Amino acid sequence: MNRTTVERKSDHELVVRRTFDAPMHIVFEAWSNPELFKQWWVPKSVGMSLVSCDMDVRTGGTYRLVFSHPAFDQPMAFFGTYKEVTPHKRLVWTNEDSDQGAVTTVTFEENAGKTLVTFHELYPTEAALDEALAGSAEGLPEQFAQLDELLAGKS
């Protein structure tokens with residue numbers, strides 16, 4: 001069974017890894033196609049909804065994700081810029097919704113029809129990483145398990 005590993009690499013770095021039983025191009029599509037991304041990105045257990053997902057997945061393109069939750073008066077938006085897009089191999093984006101946002105790098109490595117995804121976040125401060133680990137990063141294993149379920153129906 002594929003397991004998600006979450007590791008704090010330094011005071012500013014978080015690395016998450018998981019191998020998916022699907023070819024690299026299909027896994028990359030789940031990260032770059034808004035309709036697929038919406039199906040797995042939000043951990044079901046948190047009760048949030050991804051109400052809009054705009055992604056222009058190209059170097060220099062932007063993204064904007066808007067979430068709602070019954071406990072929030074207003075939706076929350078997260079947005080940034082794709083700094084590097086190498087189809088099927090690598091995505092790098094900024095998280096510009098706060099000055100404590102990480103730079104996220106996702107790499108895809110195929111071996112024998114399976115794909116190792118490495119999700120790396122570099123935060124500007126130790127406090128920003130601590131906050132992420134206490135919040136959104138807790139959902140990453142569930143998110144990756146949801147991605148695994150989605151891919152099982154695609155490969």
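Modeller: Contact here means heavy atoms within 4.5 Å. Leaving aside neighbours within four places in sequence, W31 is in contact with F37, W40, W41, M55, L91, W93, V106, F108, V117, F119, F144 and L147. The model is a predicted one.

Biologist: Which residues have the most contacts inside the largest nonpolar core?

Modeller: They are W31, F37, W41, F108 and F119, in a core of 40 residues. The largest share of this core, six residues, comes from α1. In soluble globular proteins, nonpolar side chains tend to be buried together.

Biologist: What makes α1 largely enclosed by the rest of the structure?

Modeller: Seven of its nine residues are buried, so α1 counts as largely enclosed. The buried residues of α1 are M24, I26, V27, F28, A30, W31 and S32.

Biologist: What is the order of the strands in the open sheet?

Modeller: The eight strands run β1-β2-β8-β7-β6-β5-β4-β3, and the pairing is antiparallel. Neighbouring strands of this sheet are turned by 20° against each other on average, direction ignored.

Biologist: Why are β1 and β3 called edge strands?

Modeller: Because a strand pairs with another if at least two bridges are found between them, one can check each side of a strand in turn. β1 (5-8) and β3 (49-55) each pair on one side only, and these are the edge strands.

Biologist: How do you know that β3 pairs with β4?

Modeller: The pairing needs at least two bridges, and six bridges join β3 to β4, residues 62-68. The two strands run antiparallel. In this pairing M55 stands opposite Y63 in β4.

Biologist: Which strands does α1 touch where it packs on the sheet?

Modeller: Helix α1, residues 24-32, touches β2 (13-20), β3, β5 (76-86), β6 (90-94), β7 (103-111) and β8 (114-122). The direction of α1 makes about 160° with that of β7. Helix α3, residues 126-134, also packs on the sheet, touching β1 and β2, and its direction makes about 155° with that of β1.

Biologist: What makes the buried residues of α3 line one face of the helix?

Modeller: The buried residues are A128, L129 and A132. Seen down the axis of α3, they fall within an arc of 100°, so they line one face. What covers them includes β1 and β2. The face turned away from the buried side carries the exposed residues A127, E131 and A134.

Biologist: Why is R18 called buried?

Modeller: Buried means under 20% relative accessible area, and R18 has 6%, so R18 is buried. R18 lies in strand β2.

Biologist: What joins the side chains of R18 and D148?

Modeller: A polar contact of 3.2 Å joins them. The cut-off for such a pair of N or O atoms is within 3.5 Å, and the value of 3.2 Å meets it.

Biologist: Why does H120 count as partly exposed?

Modeller: Partly exposed lies between the buried limit of 20% and the exposed limit of 50%. H120 has 21% relative accessibility, so H120 counts as partly exposed. H120 is in strand β8.

Biologist: Which residues does H120 touch, not counting residues up to four places away in sequence?

Modeller: H120 touches E13, L14, V15, V103, T104 and T105. With E13 there is also a polar contact between the two side chains, at 2.8 Å. H120 and L36 are 84 residues apart in sequence and 21 Å apart in space, C-alpha to C-alpha.

Terms used:
Residues are numbered from 1 along each chain as its sequence is written. This is a predicted model: local features need pLDDT of at least 70, side-chain atom pairs count only at pLDDT 80 or more; totals for chains, interfaces and linings use all residues. Side-chain values use heavy atoms; hydrogens and water are left out. Helices (H or I, at least four residues) and strands (E, at least two) are DSSP runs, numbered from the N terminus. Axes are lines fitted to C-alpha atoms, for helices over the stretch in contact, and angles run from 0 to 180 degrees between N-to-C directions. Buried means under 20% relative accessible area, exposed over 50%, partly exposed in between (1.4 Å probe, protein chains only). A polar contact is a pair of N or O atoms within 3.5 Å; within protein, one must be able to donate a hydrogen and the other to accept it, and residues adjacent in sequence count only if both atoms are side-chain atoms. The arc is that of the directions from the helix axis to the C-beta atoms. A nonpolar core is a set of buried Ala, Val, Leu, Ile, Met, Phe, Trp, Tyr and Cys residues joined through side-chain atoms within 4.5 Å.
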